[in-house]
Structures are given as structure tokens and as C-alpha cells.
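Hi,

Here is the model I promised to pass on to you.

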Amino acid sequence: MKVSYFPGCTLKNKAKDLDKYARLCALKLGVELEEIENWQCCGGAFSMGEDEIASKLSSVRALQYAKEKDQYLVSVCSACHNVLKQTNYQMQNNSDFAFKANNYLAFDNPYNGETKVIHYLELLRDVIGFDKIKENTVNPLKDKKIAAYYGCLLLRPSKVLAMDDAENPSIMEDFIKAIGATPVVYPYRNECCGGYATLEDKNLVNKKSGLVKNSAKNNGADLIITACPLCKYNLEKNNNTDIPVVYITELLAEALGLKEE
Amino acid sequence: MDKLKEQILRTSGVNTLKCMRCGKCSGTCPSYDEMEYHPHQFVYMVEKGEIEPLMKSKSLYKCLSCFACVERCPRNVEPAKIVEAVRLMVIRQQGENHLTANDIPDLLDEDMPQQAIVSAFRKYSK
């Protein structure tokens, strides 16, 4: 099957491995990630203002594209997913916003939130199925203890994101089990790494990322996995705890035998 | 009603009267230690119309938009939306951007993901 794919700015630049292995692994599992033509940057962070219209139009264009193709809209970057999903929710539930966005965009058929927006992890769990991943795993990562780092954007606000229980999630732990490794559950897995404050307040980000890394390491993890380039950057820039951070798709590629050395 | 308060309530869509001042938003806020005014104070100061001190405070730029307060508020007040609305009130004014393109080159290193830059612009500038 084919799905509409929104890679986002970072997957075209600093997070090329997140993108490359997402495509390769999906293809191996029977799903083609079809890149949206002329997609535009989501803006990285959702504007919460109810009267913010222009900053959400690029997301509405991507949503409309997927609707016209009658496909799921899939992204891997946690931030893109969060922005697309929250914009879609506003298109469904805020008629004033939807009216203004449609007036501006003037599509042949108005967009009203019809597209189903899913994260790559939901594609693996709900469309492909973790059982199929298990069947296709040629290098089970048996000896690895892996800490799933959810951060903020995959889970919250849960009434909109609706991927998992925001306080006790399991989708990434189930993914880790599917590729034969052992998940490590730790308290800071859904707390913030410091996010975009990294541009101007390194001290704040270092504290927040340090808490996450320490928490993972103290609970016995060898490795942290994430879907978010900014989380990965912030965690890696914290030197206080020595634990590697890799993308979910790199780990999946390793398990499926698709990782290039 | 005060014009500033009216605009903030409209932009945020928040009903500040739902707050019962339990402080859970501030208790869960990752930036609590860095803030002069904390999330629960944003909510009740907007309710009381004390908006100018909030507009002048650096606390506006410490919110990480992590949605922890939105998720964990037992009354569904969504404090982050109030913080965002006050920040928008400031940066929508001519010449009040907190971050400009000229600031960027000095803030970069070779690993910095594009996501950090676009997110910061979305939150700090118009």
C-alpha cells in the first residue's frame, strides 16, 4: 500500500538517517512512503493561538493532499506529526478556523479534517502490525536493554494526539519487544528534553536532558531511542551521562537487516 | 473588560475561571525554576487583569510548549495557551520580536537540527 509522507525540514538535512531508514523499512514491510509534492515546513511547533491562521496553512495543504489521494498522512518527526495532528484537530473542531483557512486556500473541495494523520510508530503498530515486524526481524537485538524516549510531542495533548496513554505509554516498548530487545521503563520517558530553548538557554536544556539520560541509565538501559531530531540533539549535547541515542528507524533497520555500516 | 485581557482570552480560548489554583501546572512545568511567573500565576494574573508584568517578563520565553500543564490540569484550563497568548500579544507588536534572523548565526553549531530554528522562530517571532 501507499501512504502520503511528510518528511519535514530536518529529515532532509540533519536527520537524513531517520528519513532513509523510515522509507527502507516501510518498503520491506509492504508500505511505500510517497512523499507529498511541494510540501512546506510545518513550522516545528504548533501555534496554540486560536486566531493564528497563516502559520497553520502549510499543514492544511499537506492534509488536503493526503485527502485527495485517499491515503493516511504519515510523518516520522515527532514535531511534524504533532503540528499536523493538532492542525487537523482544529480543522475538525474549530469551525471559525476551518472557515478562514478554507477561504484563504480556496481548494476545489473544502477541507474539514477528513484525513487520518498517523505517526510512523502507529503505521508500524496499527497498519503493518508488530507481529509482522517480528516475523521480518533477522537480527533480533536480544542482548539490548533499550529506553524508549517519548518526550512531549508524540503524546501530548493526548485528547488530540490519541496515540497512547500519555502518562503510561507502551507503543515504543511494544516496538522494542517486536525486534527482540528488552524495553526499560523509566520515570522521565515522557518529560521534556528542553526543546527549542536550546538556541538561547543551554543551561535549561542541559538540566532537562540530563534528567532524562540519568533516569534511563540508572534504570539499566544501554541505549535510548527517539523519533525526534531535536530530542536526539539535546540528549547528545548533554555530556554528563554516557549513553547512546539513536533513531527508532535506525534500530528497526538493524533488526530487519537493512542497516548500512 | 480590559482590552488586553479580552484579547488574551480570545486568542487562548481559555476560561480562566475554571482554575481552582491547585498548582499542578506549575508543579509539572519543566521550566519552573527558570520562571519569574509560573503557569498558575499566568492564569490568575490574566484573570485579575494584571497583564503588563507578564508581558514584560522573560518567563514568556521559558515555556517549552511541552503541553505537560495542558495534559495534567485536572480542570482542563490549558495554562500553556494563556502563556502563548500573552507571548503573542508581545511579539505581534512592531519591533518586539524576541529572536531575529540576525541572531541565528551565532547560536548555531554544526549539529543543530533545522527543527530547533524553525520552532524557536514560531514561538519567539512574528
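A word on domains before anything else: their bounds come from an automatic or database domain assignment. On that basis, chain B splits into domain 1 (3–93) and domain 2 (98–126). Please keep in mind that this is a predicted model, in which local features need pLDDT of at least 70 and side-chain atom pairs count only at pLDDT 80 or more, while totals for chains, interfaces and linings use all residues. Residues are numbered from 1 along each chain as its sequence is written, and chains are lettered from A and ligands numbered from 1 in the order in which they are written.

Chain B

The C-alpha centres of the two domains of chain B are 23 Å apart. Between them, four residues of domain 1 of chain B are in contact with five residues of domain 2 of chain B; contact here requires C-beta atoms, placed from the backbone, to lie within 7 Å. The domain 1 side of that contact has two nonpolar, one polar and one charged residues. For these classes, Ala, Val, Leu, Ile, Met, Phe, Trp, Tyr, Cys and Pro are nonpolar, Asp, Glu, Lys and Arg are charged, and the others, Gly among them, are polar.

The secondary structure of chain B consists of eight helices and zero strands. Both kinds of element are DSSP runs numbered from the N terminus, with helices (H or I) needing at least four residues and strands (E) at least two.

How does chain B compare with a compact globule in radius of gyration? For 126 residues, such a globule would come near 14 Å, and chain B has 15 Å, which agrees. The radius is taken over C-alpha atoms, and the globule rule is 2.2 Å times the number of residues to the power 0.38. Along the principal axes, the C-alpha atoms of chain B fill a box of roughly 45 × 30 × 20 Å. Among the contacts in chain B between residues at least 6 apart in sequence, 71% join residues at least 24 apart.

Chain A

Chain A is divided into domain 1 (2–120) and domain 2 (130–256), with 23 Å between their centres, taken over C-alpha atoms. Here 22 residues of domain 1 of chain A are in contact with 20 residues of domain 2 of chain A. On the domain 1 side, helix H1 (16–28) and helix H3 (78–93) of chain A each give two or more residues. H1(A) has the largest share, seven residues. By class, that side divides into 13 nonpolar, five polar and four charged residues.

One residue I looked at individually is Ile224(A), found in strand E7 (residues 223–226) of chain A. Ile224(A) is buried because 26 other C-beta atoms lie within 10 Å. Leaving out residues up to four places away in sequence, Ile224(A) touches Ala147(A), Tyr149(A), Ala216(A), Leu235(A), Ile243(A) and Val245(A). By contrast, the C-alpha atoms of Ile224(A) and Leu199(A), 25 residues apart along the chain, are separated by 23 Å.

Where the chains meet

Across the interface, 36 residues of chain A are in contact with 31 residues of chain B. Helix H9 (202–218) and helix H10 (229–237) of chain A each supply at least two residues of chain A's side, and the largest share, three residues, comes from H10(A). That side has 18 nonpolar, 11 polar and seven charged residues.

Best wishes

Key
Contact = placed C-beta atoms within 7 Å. Buried ≥ 20, exposed ≤ 12 C-beta atoms within 10 Å, placed from the backbone.
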